[in-house]
Amino acid sequence: FNATLVRVTFESRRIHLGDECLRVYFRFLQNAESVFSLPGDESEPLVVVTTLITSARLREGNFTHIVVDEAAQATEPESVAPLALAGAQTVLVLAGDCIQTAPPVLSSLARGGKLQRSLFRRLYKSAPES
């Protein structure tokens, strides 16, 4: 499997990059209004790695798969950002452990709206026993 790997993050994180050999994969967003447009050539597979929040800065593309790791640790609004990039044929994978601690939510207003529950947990609870 040959694919181009791209790690999208904000310019302010440049100082936290670590290993020099990984830097070739990074694409930096300058500020919160910046967007990352996927390369136009769809003939070569592209793997985009980013955080849930930064995924909101991606332009729509032809995503065949979207994988959200540690989905049980993310609030429902955080999980929606990458899911909004899905097309009709996109495979969605939420990976996590529903027994883990709920996502941290400091606002009592948000907790009152049950935003401390992850989308992963809500879907798990609504699924029939198997």
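This is a predicted model: local features need pLDDT of at least 70, side-chain atom pairs count only at pLDDT 80 or more; totals for chains, interfaces and linings use all residues.
Select Leu-46, which belongs to strand E3, residues 46–49. Strands (E, at least two residues) and helices (H or I, at least four) are DSSP runs, numbered from the N terminus. Leu-46 is partly exposed because its relative accessibility is 30%; buried means under 20% relative accessible area, exposed over 50%, and partly exposed in between (1.4 Å probe, protein chains only).

Residues are numbered from 1 along each chain as its sequence is written, and side-chain values use heavy atoms, with hydrogens and water left out.

**The nonpolar core**

Next, select Val-8, Phe-36 and Leu-58. Among the 14 residues of the largest nonpolar core, these three touch the most other members. A nonpolar core is a set of buried Ala, Val, Leu, Ile, Met, Phe, Trp, Tyr and Cys residues joined through side-chain atoms within 4.5 Å. At least two residues of this core come from each of E1 and E4, and E1 gives the most, with three residues. In soluble globular proteins, nonpolar side chains tend to be buried together.

Which residues does Phe-36 touch, not counting residues up to four places away in sequence? They are Val-6, Val-8, Arg-27, Leu-29, Arg-57, Leu-58 and Arg-59. Contact means heavy atoms within 4.5 Å.

**A patch on the surface**

Select Leu-5, Leu-22, Val-24, Tyr-25, Val-47 and Val-49, which make a nonpolar surface patch of about 460 Å². Patches are made of residues with over 30% relative accessible area and no salt bridge, where like charges are joined within 9 Å and nonpolar side chains (Val, Leu, Ile, Met, Phe, Trp, Tyr) within 5 Å. A salt bridge is a side-chain nitrogen of Lys or Arg within 4 Å of a carboxyl oxygen of Asp or Glu. Accessible areas come from the Shrake-Rupley method with a 1.4 Å probe; for residues, only the protein chains shown count as cover. Leu-22 counts as partly exposed because its relative accessibility is 41%.

Move to helix H1, residues 76–83, whose buried residues are Ser-79, Ala-81 and Pro-82. These lie on the same side of H1, because they cover an arc of only 145 degrees around the axis; the arc is that of the directions from the helix axis to the C-beta atoms. Their cover includes strand E4 (65–68) and helix H3 (119–126).

Now select Thr-75, in the loop between E4 and H1. Is Thr-75 buried or exposed? Thr-75 is buried, because its relative accessible area is 12%. Leaving aside neighbours within four places in sequence, Thr-75 is in contact with Pro-103, Val-105, Leu-115 and Arg-117.

Glu-70 is also in the loop between E4 and H1. Glu-70 is not a glycine, but its phi is positive, near 55 degrees.

Finish at His-65 in strand E4. With 52% relative accessibility, His-65 counts as exposed. His-65 touches Thr-90 and Val-91, not counting residues up to four places away in sequence.
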